[in-house]
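Hi,

Here is the structure I promised to pass along.

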Amino acid sequence: MKKLVALALCLVLALGLVACGGDSNSNNSNTNTPSDNNTPSDNNPPADNNPPADNNPPADNNPPASGDAIALTVWGGEEDQALLGELVEEFKAAHPDQTFNIQVGVESESTAKDTILTDPQAAADVFAFASDQLDSLVNAKAIQSLDDMDAALQALAGVSVADVKTANSASSVEAASRNGVLYAFPMTAGNNYFLAYDPDFLNEDQVKTWDGLLEAAAAQGKKVAMTIASGWYNASFFYSAGFTTGLNEDGTTSADWNGTSATGIKGVDVVKAMQAIASSPAFFSTNDLPAAITGGDVIAVVDGCWEDKALKEGFGDDYAATTLPTFTLNGQQVQQYCVSGFKFVGVNPYSKQAGWAVALAQFITNEESQVKRFEQRKQGPTNVNAAANPAVQENVLIAASSAQDAYGVVQLVGDNYWSPTESFGAQIAQGTIGSDDAAIQSALDDLIAGITAPLA
Amino acid sequence: MSKITSAIGGFFGSIGRFFADFGKAFAKGDIFVKLSLIWWGAGFIARKQIVKGIILTVLEVGIILFSIFFAPQYVSKFGTLGTVKFEQVLDQTTWQLVPNDYDHSFLILLFSLFCFVVWLVAFIITIRCVVNAYKLQLRAQSGKHVNTFLDDCKDYLDSKFHVTLLTLPIIGIVLFTVIPILLLIFVAFTNYDQWHMPPGELFTWVGFQNFKSLFTSGGLTVSFSYAFGRILGWTLVWAFFATFSTYFGGILMSLLLNSKKTVVPKLWRLLLVITIAVPQFVSLLLVRYFFADNGIVNTLCARVGLTALLRGWGLINTTYIPFLTAPIWAHVTIILINIWIGVPYQMLIATGILMNLPSDQLESARIDGANKFQVFRYITMPYMFQVTAPTLVTDFVKNINNFNVIFLLTDGMYFTTNQMLANSQAKETDLLITWLFNLTQNYYNYKMAAVIGIVVFIICAVFTLIAFNFLISGDKEGVYN
């Protein structure tokens, strides 16, 4: 009897091993981590250590003969599920002579890259993602070039890649392209940042300049919040002065911040301007903006569309939003730029039905779908016609976001960019650099050495 | 030290015996024994062990078929890990992308490895077949009983029951533990990263290039050696304090709870154990917000005037106490929080051991007039140490790799102002393991993850071996008794 028990135990153990190590392809995709659209996807590289492995069914392995149902999987954010379901039905209705079997799965735009790169062949045919993930996807060849699919797009959707490029805003098309090749369909704009404030404490004139803003806040014992320890936010000061970053072929970053910009401004002077802002008693540097907004002391914040809820709670329903203020640089007022961000829809190159996948991706990002997305989800359109809609312009956040987009920069950076810039922002926030030119220059040189370092 | 040499000697000795047995069997055996080398079943069938012979023959045919039809397509490409790049063309009638007959580097590596393991097993079976066939020959010649298949089956349920029990688990361990570890080791010698990710791209062998870029010419990042030194230092400091603070804290706590003067000890013990019951990441995330710059602890400190007091002493220059946001402060806070998390575990262990403390020794000590401290110093502690020393060593190694506490408390919370560290994607509070995570996982740098994984393994293995052999030599028990 004892032996039987021992044998049974061993079997259970062995089976357990098999079960654990085996393929965990469970049935549907709804077990993915819930998305969080409350963050600007990942201005820092994602900290998500366990990308949901492969709980999504791989695309059908047997391409059906023509006339069979076309099987496709679409991934979108959790909040987008209802809308996506609706759009998929419309897509089916638009192609009555073809049968489809389209599944909609949950995968947050902010973590799509992690899940896809775990196993690109098991990922969805069509997926939504945040624009800063494009480089990783292109590097790993996990996203299909749309230029190569032009013929299929014209045959199945009736539009060409050139049409897609003209229909969407130039900055969104630029952000969706690498080396002149379009890789994704722009879906929403508004993943950028601007100034939101409480009109009970600040008037329209005061929010035009950082000086006026900080002075008014200080006079009332209040604060202005910004995340300065992040390369996504603090680069805006350098971009404003004409400095650039670039992504090289080998994945390294190029940056010229320690020199002189195209407009003749020295990097040292930009740092001095940042120090002037950060050293104001009314300036509050934090990486937890929602907590700062609802905390009570903050009356203005550099933030984005995703903060609607916290803004209503902190500043009241009548909160206002506008473009970023100007800041004083060498005695002159310079408009502060932002980093443009978008959400895109891409197509998996390993899709068994790449042609139809491209057609579906185009459909869920066309003008009518973007209008619908704005109406249901309050997401700013990239489509030029949809953006011109008066209802879109009346939305406080989207209006501010699209106004700020005129001063937007598509941030091209590699992996080594984030950690050094984060530390540099922290040093400015804590005032550890010093104010003489030599100290600032050497700090900038160290920063650029880190940003431009080769990858191992 | 002699233990290590004898262990190594024993290992090579058994390998030597394995081949010596084979040599002897092959030289002295008859034709059937020799034939067993190419036909596994020969020796058994010749001695009328038909069923066993057939089973082995079928197995051998299976392995040969596997080697002919499955293995070559992968093993032949093992040297290059594939040469044909993935390409697709658009089919203008079905609008599908048609891929070429491409090589998948990762599958080539994985299945080649699998083939090697299968062949190693086949090799061992071959040798064993010859040896066993020779044993059978000897039995038959000396007229002893030769087992029938039924006899063998009975043996496997009786005198060789351990073999029956362990077969499946061992197969499981080989498939799901050994092969993945070997795979990791092999990946360290390739250029598998974001730019070489199959199936879109091929990756290939680069020899010791990754190890070289880790240890020479500045290393992985511009300030690598600086960051490596700083982080290794903090890792060891952390492991030391985290291990010994919880260890002694746990013992003192259990002594306190065991003391007859303590009122309602069960209640206190329960409260402490609740810390264990709550998942660590939940409690750590909560604590992290307690200690945030605008968290509840800071609000309290400001209210009672502690913040102002520290500022007056010049210990801080901020309007809050940077519990988790400045170096030294964060280091101390992390160790203190870890005490809170770790002490209950050690308390439970210590309580169990204290209950088994030989009471005769305690009594005689008391009769001899020893005071409480002397009893603790000369009886309780030596006994505790003798029993718990092995866990102390494993705790130390565990703390070197204590990912949870550090990562959950500092990620997104602590921002280094040390540009040299930041340029290596590191911060002051990182352990080797969290740094490895930042350096590789976020950037899909699998090759360097494998290399650093091997290095961390070597550090831990060396430490464990030394600690076990020198700190806990086997005669401690004798000394105590």
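**Chain A: two domains**

Domain 1 and domain 2 of chain A have their C-alpha centres 32 Å apart. Domain 1 covers 70-190 + 341-398 and domain 2 covers 194-339 + 414-451, with bounds from an automatic or database domain assignment. Eight residues of domain 1 and seven residues of domain 2 make the contact (two residues are in contact if their C-beta atoms, placed from the backbone, lie within 7 Å). On the domain 1 side, helix 4 (134-139) and helix 17 (396-405) of chain A each supply at least two residues, and helix 17 of chain A has the largest share, with three residues.

Before going on, some housekeeping. This is a predicted model, where local features need pLDDT of at least 70 and side-chain atom pairs count only at pLDDT 80 or more, while totals for chains, interfaces and linings use all residues. Residues are numbered from 1 along each chain as its sequence is written, and chains are lettered from A and ligands numbered from 1 in the order in which they are written. Helices (H or I, at least four residues) and strands (E, at least two) are DSSP runs, numbered from the N terminus.

**Helix 18 of chain A**

Twelve of the 13 residues of helix 18 of chain A are buried, so it is largely enclosed by the rest of the structure (buried: 20 or more other C-beta atoms within 10 Å of the residue's own, with C-beta atoms placed from the backbone). Among them are Trp418(A), Phe424(A) and Ile428(A). The cover includes helix 10 (267-278) and helix 19 (437-451) of chain A, together with helix 18 of chain B. After the helix comes Gly431(A), with a positive phi near 65°.

Chain B has 21 helices and two strands. Its radius of gyration, over C-alpha atoms, is 31 Å, well over the 23 Å that the globule rule (2.2 Å times the number of residues to the power 0.38) gives for 481 residues, so chain B is more spread out than a compact globule. Its C-alpha trace spans about 95 × 85 × 45 Å along the principal axes, and 30% of its residues are buried.

The contact between the chains takes 43 residues from chain B and 57 residues from chain A. Helix 7 of chain B gives the most to the chain B side, with eight residues.

Cheers
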